[in-house]
Amino acid sequence: MFNESRLAVCIRTLLIGIPLATLVACGDGDDGKDGAQGANGIDGLTSLTAIVEMAATAECPNGATKMQAGLDKNKNQTLDADEVQSETVVCSGTTGVQPLSASARIQFDSVAAPSSNYEKRQVLVGTAKAVDGTETRMLNVDYHILARSGDEYGDVAFGQLVDSSGQPLFSEDGSRKISDSNEFTSLLPIDDRLFSVSQIESRPGAMFMMELNQDKSNGELSVKKLWQLDMSNINGGWVHCAGSVTPWNTHFASEEYEPDARYLVTGQDALDDGYAAPFMEYHNNDVSKWNPYQLGWPIEVAIDASNAVPEADLKKHYSFGRLAYELAYVMPDQKTVYLTDDGTNVGLYMYIADEAGDLTAGKLYAMKWNQTSAEGMGAANLSWIELGHATDEEIKPYVDGNMQLKFADIFDTVDPVDGACAAGFTSVNQNGIGQECLKLKDGMEKVASRLETRRYAAMMGATTELRKEEGITFDPTRNKLYLAMSEIGRGMEDFGKNGSASSSYDKGGNNDIKMGYNQCGGVYQLDVAADAAIGSDYVAGNISGLIQGIPAVAGMADTIAVKANPAEFANGMNDCHIDGIANPDNVTYMTGHDILIIGEDTGSGHQNDVIWAYDLQNQQLSRIQTTPYGSETTSPYWYPNINGWAYLTSVIQHPYGESDGDKDTGTGENRAYTGYVGPFPAKSE
């Protein structure tokens, strides 16, 4: 839904199908409203549009129509040259896409932040245009829904949770368990077919494979067939958060917030734990099936489309290490992979595969933050600590074979005394649980590096102080990574928590990061370069702030001045300024257009979560999509060219579920959305 002025509505109506005339008037301006006892107001000015036919160009091989709009100031019923207020160019043509020229760039105009109750229940989308020099071409884009949670396709309900035998799970009231936690959704063109894998951020997790129809004349997508994927061969799924698509066209999924094997040792421990208990339904609450080390891995999904009924092959990559995976992102060399770790006191990791396009064996590295500045979002030089080499086959028996281990098989532990560990034990602070004293058992280095990756990395001196580390993407134009940090606080502060003194997150650790906090979060930039010793052309060497949220109320940050919201947004549900980012979650780079897309996962930061477009050339931030009350925007992802069309996938998770539950009407508004913004014409090749 576009938020348009009356004149813009008139123009857009012409663009989408009303026959064009040489001159079109959209009606007189409204009469002024009668006063209580006054005379009628005077007529407003008439709005006019003029149509100019244009010759063929490389971008519009079938010619084009220039539409001019303005107000008839001299009231002669003619749109004179000095009355033209806007111009748009629309390519003429036969059916099919008119590609953008190689030099054209997509630009976005912001949709207004929702302020009324009606707007806060909608999915609102801004306008988009392609700009090429002095030419501007308006693009007919909107939010398109592929599926909503609970939609049925044959005998498959989208979002249905199942047990290990594929049987549906049910709630106590007898209703099917349908998750509204839709997450990352890929687009995978394979031969002359188009597929999608969509993952669910739940416990147990779930994944669905769609085959999609693509209308070649306008690029619109629809679901042709839906299958629920069998996850029993990988011991089920767990909290599938963000994801990515590999350069070889496979879906790369995640398992976030790995269960802590030190404290959730047995199946009964899991059943007694409010967070882990829902997963046990996957195993029908059979406590003998619990193994926390089976959860917390990246998952690669490859589709074989050689038969009419496609097959999906799911693999957990045990050589990567076990983390709270937000996502794993493969760089252009098809060997270097960045692994983001979501939570409190977490780290950043890098994997270097032995062979390009093969993620079954490689070396793992953990980031060391060497701070150079505490200003703003801080800055640091980065070094990388090697955690050793492993293969999936080496690690698999310890997770899913005859050598399965428990935490006590890997580490000895003692409690710290007055902040110190006993001789022979290493002090660490990771995962928000405070100081630990650990000693690795003999011969457990490789196992610990993969099953207890964060703890082992901390023991080796790596930095485990990041707070709510989210998505990551690559900008080949500048050779930079962009990394979202949903909050800047706790371990990232210097013995603090949200601006107050606290030892919880630095005591016993390195305290590598020492800066002020900002609960609105921000996006970092990391320069990458070749590193011969590591064997990659994409090693991040430094990190600094790119853009951060601005508090709108006191107490949200200690390094940034408060910027008050406009009056209509001055409420407790917009603690971050309405025209800035709030708790950035996932990011994607629009190749060919030099735009960074930033999605939000915020509670009180913004009442309605936003997807932003940040133009890296002019540092302009545009609000391109807003979501209903209580939603989270998940995993926007850019696909630059699928059969001549480009797409920005956009998933809207759990409407009315994170806040404003009292506004849910109970009529299905709370069902999640899986869809995309677009379609956009792809660039000509």
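**Cores and aromatic pairs in a predicted model**

The protein exposes about 26000 Å², of which carbon and sulfur atoms supply 47%; accessible areas come from the Shrake-Rupley method with a 1.4 Å probe, and for residues only the protein chains shown count as cover. The model is predicted, so that local features need pLDDT of at least 70 and side-chain atom pairs count only at pLDDT 80 or more, while totals for chains, interfaces and linings use all residues. Residues are numbered from 1 along each chain as its sequence is written, and side-chain values use heavy atoms, with hydrogens and water left out.

The protein contains seven helices and 44 strands. These elements are DSSP runs numbered from the N terminus, with helices (H or I) of at least four residues and strands (E) of at least two. Of the 685 residues, 56% count as buried, a term that denotes under 20% relative accessible area, with exposed meaning over 50% and partly exposed in between (1.4 Å probe, protein chains only). Among contacts (heavy atoms within 4.5 Å) with a separation of 6 or more, 61% are accounted for by residues 24 or more positions apart.

A nonpolar core is a set of buried Ala, Val, Leu, Ile, Met, Phe, Trp, Tyr and Cys residues joined through side-chain atoms within 4.5 Å. The largest such core has 84 residues, and Tyr-338, Trp-384, Leu-481, Tyr-524 and Leu-526 touch the most other members. Strand S15 (residues 206-214) supplies the largest share of this core, six residues. Apart from it lies another core, of 39 residues, including Phe-252, Leu-359, Ile-395 and Ala-458. When residues up to four places away in sequence are not counted, Leu-526 touches Leu-348, Leu-382, Asn-479, Lys-480, Leu-481, Leu-483, Ala-540, Asn-542 and Ile-543.

Strand S15 also holds Gln-214, which is buried, with a relative accessible area of 14%. The side chain of Gln-214 makes a polar contact with the side chain of Tyr-647 (2.8 Å). A polar contact is a pair of N or O atoms within 3.5 Å; within protein, one must be able to donate a hydrogen and the other to accept it, and residues adjacent in sequence count only if both atoms are side-chain atoms. Beyond four places in sequence, the residues touched by Gln-214 include Leu-194, Glu-220, Ile-642 and Trp-645.

Rings of Phe, Tyr and Trp (its six-membered ring) pair if their centres lie within 6.5 Å; planes under 30 degrees apart count as stacked, over 60 as edge-to-face and the rest as tilted. By this rule the count comes to 19 aromatic pairs. Phe-184 and Tyr-637 form an edge-to-face pair, at 5.3 Å centre to centre and 70° between the planes. This pair links distant parts of the chain, 453 residues apart, with Phe-184 in strand S12 (residues 182-185) and Tyr-637 in strand S42 (residues 632-642). Phe-184 is buried at 0% relative accessible area, and Tyr-637 is buried at 13%. The pair of Phe-320 and Tyr-351 is stacked, because the ring centres are 3.8 Å apart and the planes lie at 20°.

One aromatic cluster is formed by Trp-238, Tyr-275, Phe-279, Tyr-282 and Trp-290. The charged end of Arg-203 sits over the ring of Tyr-275, 3.9 Å from its centre; for this description, NZ of Lys or CZ of Arg must be within 6 Å of the ring centre and within 35 degrees of the ring normal. The charged end of Lys-663 likewise sits over the ring of Tyr-629, 5.2 Å from its centre.
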